Amino acid sequence: MLFIPSSIFQPQSIHPIWAMQKNITIDVLRTDKVHPVISGNKWFKLQHHIKDCQLKGYKKLLTFGGAYSNHIVATAFATKIADIESLGIIRGEENTLTPSHTLQQARDYGMQLTFVTRENYKDFNRIVTKYPEYYVVKEGGYGILGAQGAMDMLQKIPNNKDYTHIFTAVGTGTTLAGIIQAAKPHQKIIGISVMKNNHSLLEAVSKILKKKNSYKNYSIDHEFHFGGYAKKTKNLINFMNNFYEETNIPTDFVYTAKAAFAIRTKIELGEIPNYSKILFIHTGGLQGNLSLPQKTLVY
Ligand SMILES: *Cc1c(COP(=O)(O)O)cnc(C)c1O
């Protein structure tokens, strides 16, 4: 339904000195190349939601997010392609003077937006009962169907069994849950939480794993949030520029830069054994860098 070129599934090898020194290889799954605006992982997560929506005969779909949500834009775009009407329930008051780039883009793709206070936003059930004719997708595409899309993503990689470690940035944990389900028993999956102290994540992940899944070789690291969601430091920005110069891979400051920074740190600390083969899932999100002052980044 949503088109994905097969070349995406051929990971790109990178050779930063800090990995080569330890004979560690790093391959990057460039889902950022799926689309210039839509985060790659959002695209995958939405696939099964959209299919289910169509299968159940809904003509309209609603979902949730903040003013800077990559998921909102992705849903606006995916529903447009699938010819489904979409509604975005946005957390917080509308800023009519300077609408965020994200919300403007969602509107351009034809999504209707409605704004609810932070207090009311929490009352999921009350909101969705107001829209019985809408198929509902949770914030961030969270859920079993979202995880299924992330699972497809890993399964399509040739030789995916060769990796010893798989890294991804974690927001809702949906992508991580999909990777866990697609992983082989010898692979260690490491999710890097981009939020500060979001310790409900493990439970959120295990809730959407299929019951049969007894795979336990995964962890979520909470040390790389750089101050919290969408927060950044000079150190992180410097890292992004260095990483780009070393590898030619652009990262975004909200998600993928934090995951890439974690990979380097863990290698330097000796937490990843020599001769490991790492797969880094680049989940996209590059348009988030548009909110940085010009010339912050070298790319
Ligand atoms: C949304 C997003 C994530 C987080 O994905 P989850 O499945 O919610 O954990 C990671 N990276 C990017 C670029 C994203 O946009």
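1. The buried residues of α3 pack against α2 (40-55), β3 (60-65), β4 (85-91), α4 (101-108) and β6 (134-137). Contact here means heavy atoms within 4.5 Å, and buried means under 20% relative accessible area with a 1.4 Å probe, protein chains only. Helices (H or I, at least four residues) and strands (E, at least two) are DSSP runs, numbered from the N terminus.

2. Please keep in mind that this is a predicted model, where local features need pLDDT of at least 70, side-chain atom pairs count only at pLDDT 80 or more, and totals for chains, interfaces and linings use all residues. Residues are numbered from 1 along each chain as its sequence is written, and side-chain values use heavy atoms, leaving out hydrogens and water.

3. How many of the 13 residues of α3 are buried? The count is 11, among them His71, Ile72, Val73 and Phe77.

4. The length of α3 (residues 70-82) also holds up: at 1.5 Å a residue, its 13 residues should span 18 Å, and the end C-alpha atoms are 18 Å apart, which agrees. The expected span is 1.5 Å times one less than the number of residues.

5. Zooming out, the protein has 11 helices and 10 strands, and its C-alpha trace spans about 55 × 45 × 35 Å along the principal axes. Buried residues make up 57% of the 299 residues.

6. Of the contacts with a separation of 6 or more, 77% come from residues 24 or more positions apart.

Notes: Buried < 20%, exposed > 50% of the residue type's maximum accessible area, 1.4 Å probe, protein only.
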